[in-house]
Amino acid sequence: MKLIDKYEGGGRDLTKWDWDHLIQEDRVHRSVYTDPDIYKMEMTKVFGDTWVYLAHESEIPEKNDYKTGYLGPRPIIITRNRNEVIRALFNRCTHRGATICRVEKGNARSFTCPYHGWNFSNEGKLNGVPWGQAYGENFDKNELNLIQVPRVESYKGFIFGTMNESAPSLEEHLGNARELLDQWIDRYDGNLIVRNSAHRMTLNGNWKFVFDNAGDGYHVSFSHRSLLAVGDRYGSGEDKDMTYFGKNPDSSPMYVQYLGNGHIFLDQRPMYNETGDMWEQQRPQPGREAYEDMIRKKYKDKADQYLDWSVGAQMNLSIFPNLLIIGNQIQVIEPISAEKTQLTWYATTVENLPEEINTLRMRAQEDFPAFGEPDDVTNFAECQRGLSIPEVEWVMFNRGYDVPDRQTVDERGVITAPVTDEAPMRGYFQEWKRLMSVERSEKICQELQKQ
């Protein structure tokens, strides 16, 4: 691992990394995925200094609703108070440090720490402490309110937060990804709802493997061979969901993009030409035929559109660093350590769709997390295991690199390439490097050393 000079911070040497060596145009150093010190810095510089997805507004729809979650490694409580103001409070009692809320979601005007009974409003204010007469005259409750994430903003129901008070606005951060997120949201007649139980899985791999993979059209025909075989078996010679990845995808109309600000996109929509194609190309599922027959009889001319809305949107939109829009689902990356990550899938329904369509939609969203994601999770763990070899230093992202006429760049700076190229990974790692390279004040360096 190549390092440059060191400087003093917080009573210890704080290493200043040679990021230009570790992140090159077509490859990155293995330590970016394995080094615990780099991971600690990421949690401050990436998951602290840029906008991180926290929750969807539909998860806390009523006054005084809340849900617990994370901003990087920081446990938080996302609350909606009686005035409909949404906040993100650190889930950490200001007394002795215990988490004060230990359930996933609920409705409460205040939170009481189970350890010593300190009580806080859902706005973070310290309401009271048991037997307060034991505290001295200089005890000031206002100095012990819950700490809040300083900036919390919402875009069309998607709640983000950042610790960086000087960060650009959320809309500036979304940048070129905003139009695609709009397309995903506006695909439906009605608001998206995220209120069902989450599908969680923990993997033995670094969080960036997940982000790499979300824009990777190269792995599909190899990693998901068993899943594609099901489509081939029941496809009657026609392409079924994703089987086209196994048929020279470079010559297909599918593409990947690097959007800027770390965001990436993989588009399968060009494989579907007419209304009803998305439904028609789905793999068979138990009981679906009877549902389809009932929907066609009941909704007639609207049936094809409704059935298309019940399956995935064929968009993989990755909002750096932790939000993935995959099909009809919201996937959240939750780092645990340099070598461990939790993935949480949230199914969505649509408020104005008929009950039958939302039911079918829920069944369709069980498919990939159950039959496709285990392939990916296994690969992430095996990548982490392979990167434990110190003598083999580099992770390659050179597919399509420096190949004439392989990619285009438009007036917005969006890079477009064939669906199997690794241009999105090359792009987002430059944003990662930029964030990791930002010089910090001595005070922030000291905080970094305490983590």
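Where is the place of threonine 275? In this predicted model, for which local features need pLDDT of at least 70 and side-chain atom pairs count only at pLDDT 80 or more, while totals for chains, interfaces and linings use all residues, threonine 275 lies in the loop between β17 (263–267) and α9 (277–280). Residues are numbered from 1 along each chain as its sequence is written, and side-chain values use heavy atoms, with hydrogens and water left out. Helices (H or I, at least four residues) and strands (E, at least two) are DSSP runs, numbered from the N terminus. Leaving aside residues up to four places away in sequence, threonine 275 touches Asp304, Gln305 and Asp308, where contact means heavy atoms within 4.5 Å. Between the C-alpha atoms of threonine 275 and aspartate 304, which are 29 residues apart along the chain, the separation is 6.3 Å.

Helix α15 (residues 423–437) packs with helix α6 (residues 207–214), the axes coming within 9 Å and crossing at roughly 140°; axes are lines fitted to C-alpha atoms, for helices over the stretch in contact, and angles run from 0 to 180 degrees between N-to-C directions. The helices α6 and α15 are therefore oblique to each other, given that angles under 35 degrees count as roughly parallel, over 145 as roughly antiparallel, 65 to 115 as roughly perpendicular and the rest as oblique. On the α6 side, Trp207, Lys208, Phe211 and Asp212 meet Met425, Tyr428, Phe429 and Trp432 of α15. By class, this contact of α6 with α15 comprises 6 nonpolar, no polar and 2 charged residues (Ala, Val, Leu, Ile, Met, Phe, Trp, Tyr, Cys and Pro count as nonpolar, Asp, Glu, Lys and Arg as charged, and the others, Gly among them, as polar).

Helix α3 (residues 36–45) also packs with α15, at an angle of about 85° and with the axes 9 Å apart, and α3 and α15 are therefore roughly perpendicular to each other. In this pair, Ile38, Met41, Glu42 and Lys45 of α3 meet Trp432, Leu435, Met436 and Ser437 of α15, a contact that has 5 nonpolar, 1 polar and 2 charged residues.

An open sheet is formed by 4 strands in the order β7-β6-β5-β8, with antiparallel pairing; two strands pair if DSSP finds at least two bridges between them. Its edge strands, each pairing on one side only, are β7 (86–90) and β8 (105–107), and neighbouring strands of the sheet are turned by 30° against each other on average, direction ignored. Strand β5 (residues 65–71) runs antiparallel to β8 and is joined to β8 by 3 bridges, and aspartate 65 stands opposite asparagine 107 in β8.
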